[in-house]
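Subject: Structure handover

Hi,

Here is the structure for you to look through. Please open it beside this email and follow along.

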Amino acid sequence: REREREGVMRAVGALAALLARGLAYACHMAAPHCRVRGLSSKVDPQLKVCVIGSGPAGFYTAQHLLKYHESSVVDIYEKLPVPFGLVRFGVAPDHPEVKNVINTFSQTAHHNRCSFYGNVTVGKDISIEELKQAYHALILTYGAETNRMLNVPGENLLGVYSARTFVGWYNGLPENKNLNPELSSETVVVLGHGNVALDVARILLSPVDLLKKTDIAGHALEAIAASNVKRVLIVGRRGPLQVAFTIKELREMINLPGTRPLLNPSDFVGLKQIVKDLPRPRKRLTELMIKTALEKSSGKEAEYQAAAAKEWGLQFLRSPLEIIPSNDGKRVAGIRLSVNKVEGLGESAKFVQTEDVEDLECGLVLSSIGYKSYPIDPCIPFDHQLGIIPNNFGRVLHAPGLYCSGWVKRGPTGVIVTTMHDGFETAETVLEDVRSGLLDVSASKGGSKVIEALLKQRGIRPVTFPEWEKIDNVEVANGEKAGKPREKLLDVQQMIEVANQ
């Protein structure tokens, strides 16, 4: 009986080994993400990776590499002394729940195989070629930091700004701290129908008592408190079925205290029949716009709207033709719009300018028509028309050892979850290239030791993650004094001084 038991155990062991070999082979032949997770720490070669940019794309890519390659070392370089990119400088101050991802990113930064080097501008303080010599792989995750231009007369007048610059101003981005936007007129025009357009409209019209409880920059809070803005018109070149904002942002605008919506009922005539066949997210969004435009408020809601001192509106089928200057020719006094018409149906519909024009009087124009990436180094392949680095699943084309993730990879679209999946995909590509031998990791690389020595020679002192935490502590302490979650430091030199204390 004992021999029988031993025979059974040997048979079970043999079967388990056979299954394991079969599973390993299946994983090898399957998708990259399956193969990567099959890597064993015992056979992992050391992998030294440089991530350029410390926003969500950078941190999510680093997180995945550290989790699935147990010999990987990941160094994250950032041009500012502070990390987190658009989570810190792009997410609206009244959306603190979105910023909770910072906790996850901080865990990654504290990993014993991860280091953060702030205050280092790649392409200026250190070159891509120097980084390539020090690391096995470079992952470009620096986002989209320039704006799409309107390309209309008057675009350079005082009072015409990109939404990106305006968002940077109220979120405490050092390069935008001195914007000082003109808020003395009653009407603001925002061009674009995305979430950023609704963000800037909401911040401009929000009660100051609400903003006081956020981490909005102090100078912006003071300016908005003294603002004369009573009306924000959000203008788009397409129709209601093509808006790019989400239902969450629209609902926030509809429920914004002290404001009332201005939606033209004629823009929504006939849409009730079309909307029933739309995908669910688009259907719910359009139904909410239709309800807001066509149904009259009643009861307390009607009373609130009647008493509202501020208002906002959505305007459709309008394209900017010209920014109208003031009498002295120096600043914006209005905007001239073409009235567009729709040609075709559904996804193939085109929006064509007609000869009809409209003029809107306003003292501030914010352009929210999209961001663009740029090449930070001449050796990086770049598609200037699409504004992205040409790539295949994050693998930069015709540039061995170079990878990309986030907006510089796919364009400035999607939310943080989109970027998370995007970062994971790029990390999987890197690890698959390690396994296949496409990425050569046989040679030892100097990594951060080499780069730190070069930076020291050039008088550049990086800010580490523990030093960023000193800045964080000061900001939180300053915020407590003002009854806010934090009061951001706005000056790079001040940040560095705090980091060095």
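This is a predicted model: local features need pLDDT of at least 70, side-chain atom pairs count only at pLDDT 80 or more; totals for chains, interfaces and linings use all residues.

Start with the open sheet, which is built from six strands. Their order is E6-E14-E7-E8-E10-E9. The pairing is parallel. As background, strands of a sheet pair through backbone hydrogen bonds, either parallel or antiparallel.

Which strands sit at the edges? They are E6 (160-162) and E9 (259-263). Each of these pairs on one side only. From one strand to the next, the twist averages 20°.

Now look at one pair of strands. E7 covers residues 187-191, and E14 covers residues 364-367. Four bridges join E7 to E14, and the two run parallel.

**Helices H3 and H5**

Next, find H3 (residues 56-68) and H5 (residues 101-109). They pack at an angle of about 50°. Their axes are 10 Å apart. How do we describe that angle? Roughly parallel means under 35 degrees, and roughly perpendicular means 65 to 115.

Which residues of H3 meet H5? They are Pro56, Phe59, Tyr60, Ala62, Gln63 and Leu66. On the H5 side, the residues are Val101, Thr104, Phe105, Thr108 and Ala109. This contact has eight nonpolar residues, three polar ones and no charged ones.

**Helices H11 and H13**

The other pair is H11 (residues 247-254) and H13 (residues 280-294). Their axes come within 9 Å. They cross at roughly 20°. Angles under 35 degrees count as roughly parallel, so that term applies to H11 and H13. The crossing of H11 and H13 is left-handed.

In H11, the contact residues are Ile247, Leu250, Arg251 and Ile254. They meet Arg284, Leu285, Leu288, Met289 and Thr292 in H13. What classes do the residues of this contact fall into? Six are nonpolar, one is polar and two are charged.

Best wishes

Key:
Residues are numbered from 1 along each chain as its sequence is written. Side-chain values use heavy atoms; hydrogens and water are left out. Axes are lines fitted to C-alpha atoms, for helices over the stretch in contact, and angles run from 0 to 180 degrees between N-to-C directions. Contact means heavy atoms within 4.5 Å. Ala, Val, Leu, Ile, Met, Phe, Trp, Tyr, Cys and Pro count as nonpolar, Asp, Glu, Lys and Arg as charged, and the others, Gly among them, as polar. Two strands pair if DSSP finds at least two bridges between them. Angles under 35 degrees count as roughly parallel, over 145 as roughly antiparallel, 65 to 115 as roughly perpendicular and the rest as oblique. A crossing is left-handed if the near helix is turned anticlockwise from the far one by less than a right angle, and right-handed if clockwise.
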